[in-house]
Amino acid sequence: MLQNTGKLAGLTLFITGASRGIGKAIALKAARDGANVVIAAKTAEPHPKLPGTIYTAAQEVEAAGGRALPCVVDIRDEQQIGEAVQKAVDTFGGIDILVNNASAISLTGTLSTPMKKVDLMLGINLRGTYLTSKLVIPHLLKSRSPHILNLSPPLNLNPVWFKNHTAYTMAKYGMSMCVLGMAEEFRGQIAVNALWPKTAIQTAAMDMLGGSDIGKQCRTADIIADAAYVILSQPKDYTGHFLVDEDVLKQQGVRDFDQYAIQPGHPLLPDFFLDEAPELLAQQMEQHGATPAFKPPSSSATPASGGPIESTFDTIKGVINEDVVKATQAIYQFDLSGKLKPTMAFMSGKLRIKGDMSLAIKLDKLMGRMNKAKL
């Protein structure tokens, strides 16, 4: 691992999503310098499936040599962020570094992504990053070593990174656009940069996306923490960069990257938004035993028909989802007869469609039922 140099000693870092994963790894790296760390995250009580809370993370930070301030923060809530920022200033005398790490992910297509998840991703990734930055910047302007570091990708506008999960890409690129704009807006005053992993990092989110066998294709969060440490040790005129962890560390003379591997010597999975296409990522995961939840649609799948039947059911797919199922607590069943082919069935109220009947009328009734459920 990259050796600590003491450059962050006495500085105060405000890190969102620092109760586990990459956020906590960055917090621990800074703590070994003797930094102060504000752990701004939602997890105050143990999660049944995810390790760690803001309090256990705080204990680890202090055990590593730093000072910790755990704060319950939903970064979509302006009041909660404002209160945490003020606690940080009251406790440590100011804020020197902001790490926008908190993020939400759903690698689903447009018709299969409920607006609840769209709002969650945009609310945390884009709005949360912007809002937290806005509230912390007045304090960074008073710092001797002011930095904002967003855990977000380079702005790669290749459509391949949009087609399978437009909402997630928009939300994540929103964080990167904050870097693009704020770096120029505060040039000479605050260093604003983005950091992204070259390969997949083993986190709870990655386990969810790739299954239990994904770990051997990943690196640990320590590689991100080491790269972040290098960036945050730079002067404030080092700004506006979209950086990749491996490249940052190579410039520091690091050559042994097996030290960061979960299983040294095993082929690694490239991360999103770089050069490998999603189809290749899914193929590599499957070759090594993982099951990607984000597997893109097969190019050999039956193409959408221009007929009214398929178009109608495409519309239905876009409005009946898991949230609708939970709200209605019944069964939507579509039985097609005549020359029509059976197409789909969803949970909630029974509806039969004959070949010579108006699908538009039946769909209107379905939409009316959903409206009554206040969805």
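Buried means under 20% relative accessible area, exposed over 50%, and partly exposed in between (1.4 Å probe, protein chains only).

| Residue | Relative accessibility | Class |
|---|---|---|
| C178 | 8% | buried |
| C218 | 0% | buried |

The structure holds zero disulfides, a disulfide being a pair of cysteine sulfur atoms within 2.5 Å.

This is a predicted model, in which local features need pLDDT of at least 70 and side-chain atom pairs count only at pLDDT 80 or more, while totals for chains, interfaces and linings use all residues. Residues are numbered from 1 along each chain as its sequence is written, and side-chain values use heavy atoms, with hydrogens and water left out.

A nonpolar core is a set of buried Ala, Val, Leu, Ile, Met, Phe, Trp, Tyr and Cys residues joined through side-chain atoms within 4.5 Å. The largest nonpolar core has 50 residues, of which F14, I95 and L140 touch the most other members. Among the elements that give two or more residues to this core are helix 3 (78–92), helix 4 (115–140) and helix 5 (166–185); helices are DSSP runs (H or I, at least four residues) numbered from the N terminus. Helix 5 gives the most, with eight residues. A second, separate core of 44 residues includes I97, L151, A221 and L249.

Helix 3 and helix 4 pack at an angle of about 25°, with their axes 10 Å apart; axes are lines fitted to C-alpha atoms over the stretch in contact, and angles run from 0 to 180 degrees between N-to-C directions. Helix 3 and helix 4 are therefore roughly parallel, the class for angles under 35 degrees. In contact (heavy atoms within 4.5 Å), E78, I81, G82, V85 and V89 of helix 3 meet L131, T132, L135, V136 and H139 of helix 4.

Key. Angles under 35 degrees count as roughly parallel, over 145 as roughly antiparallel, 65 to 115 as roughly perpendicular and the rest as oblique.
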